Amino acid sequence: MYLSSIDRPGADATRTTVRSRLRGITVVGGNVFALGTVSLLTDISAEMVSAILPMYLVLGLSMSPLAYGMLDGLYTGATALLRLVGGYVADRVRRPKAVAGVGYAMSALAKLGFLAAGHSAGAIGLVIAADRAGKGLRTAPRDALITLSAPSHALGRAFGVHRAMDSLGAFLGPLVALAVLTAAGQAFDAVLVTSFCIAALGVLILVLFVRDRHDRRPPAAAVSPREALTLVRAAPVRRLLVAACLLGFAVIGDGFVYLLLQRREEMSVGTFPLLAVGTSLAYLLLAVPIGALADRIGRVPVVLGGYTTLVLVYLLLFGPLHGWPLLAVVLFLYGLFYAATDGVLVALAAPVLPEHLRTTGLALIQTGQALAYLASSVLFGLAWQLWGPVTAGLCAAAVGVLALGATAFLLINRSDTAFDTEETV
């Protein structure tokens, strides 16, 4: 399952699978597994709530597609600038673990905020903003910790292992929510309290078991705002930033994909959360092998292949398939899209960035992608409201094709090592 990149064919081919896995674990590093455990628990907590939100907002509160698109965009994009804040502060104080911990704690406390929000869409929006603010603060420092905890030749596998554990949490979250709802007589408050307790456990594991990692700067070296701003002068960073924005604009979000499936197949409210479970299961099974593939053949073709899969998902939502074959194919391909893009894009960016600005650089790229997703979600909701779901979905597929072409032009024939040798900050 985990193969070290220093393994050789021939004589090494006789090694057992167990020894290969142990070698892979050694290469990835224990810190990555500790961070993966934190993400696993945090995602169980988050998915317990988010798996039922689309149906609750659109059907329960009768939100229009445009209103849902704006709220869904807020869920990922409106607090994107806090990614830059978190990234810069982590580089400035050289304490990525502390900054990530603040973000995880904010998201945990936000789960209790839902208890006070009730049925108010505005209050729910504020709680979601607080939760996403925590995610915005923690994402870049967490990913920087991963890049500093694993060797560069194994970054694809390191992110694959982390994202596999993260997706295991996303897989379990809706199932835990359904179990709690069943045990508590459909009481949503019980889900929220349980979600908070699981998130709090994740924060505790971060504090106790994750070790801080620093770059090789002398302790007196501090990152200035002007130095951070010079990141975009590097041609590889500019290309990746533009590519991330283009690819972010091609994503309409899980909620819309699942709502389109629900409308087409007339799924019940009770089975709706299982759509997220299917995607997470595919992601869980594919994250590590796709990460290892990216280390072997290059991260650019894997990312492009992932977004090609996303375009296929959009087209299948309005194609000839129906019933369980449609659900199985779409959810598998959607999980494949995440496995090929989520951690791999970060692994592609890490070698481009100087160590003392790595967290800031990752935050810059993730912020650009999140803001593009915010625009995409709002525009897709508007297109759905004006022209209907079919036209909106086909427009999304067309945008995906254009984004793929532009990204290929920016990144194709530029290997990961070529990025390393180009202009840096």
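**A nonpolar patch and its setting**

Author: Start with the whole chain. Of the contacts in the protein chain with a separation of 6 or more, 85% join residues 24 or more positions apart. Contact means heavy atoms within 4.5 Å. The model is predicted: local features need pLDDT of at least 70, side-chain atom pairs count only at pLDDT 80 or more, and totals for chains, interfaces and linings use all residues. Residues are numbered from 1 along each chain as its sequence is written, and side-chain values use heavy atoms, with hydrogens and water left out.

The protein chain has 18 helices and zero strands. These are DSSP runs, numbered from the N terminus: helices are H or I with at least four residues, strands are E with at least two. Of the 425 residues, 56% are buried. Buried means under 20% relative accessible area, exposed over 50%, partly exposed in between (1.4 Å probe, protein chains only). The accessible surface comes to about 17,100 Å². Carbon and sulfur atoms hold 69% of that surface. Areas come from the Shrake-Rupley method with a 1.4 Å probe; for residues, only the protein chains shown count as cover.

Now the close look. Leu201, Leu204, Val207, Leu208 and Phe209 form a nonpolar surface patch. Together they have about 510 Å² of accessible area. Patch residues have over 30% relative accessible area and no salt bridge; nonpolar side chains (Val, Leu, Ile, Met, Phe, Trp, Tyr) are joined within 5 Å, like charges within 9 Å. A salt bridge puts a side-chain nitrogen of Lys or Arg within 4 Å of a carboxyl oxygen of Asp or Glu.

Val207 sits in helix α9, residues 188–209. Val207 has a relative accessible area of 51%, so it counts as exposed. Leu208 is exposed at 56%.

The largest nonpolar core has 94 residues. Such a core is a set of buried Ala, Val, Leu, Ile, Met, Phe, Trp, Tyr and Cys residues joined through side-chain atoms within 4.5 Å. Val257, Tyr258, Tyr307 and Phe380 have the most contacts inside this core. Helix α15 (residues 323–349) gives the largest share, 14 residues. Apart from this core lies another, of eight residues, among them Ala117, Ile124, Ile128 and Leu192.
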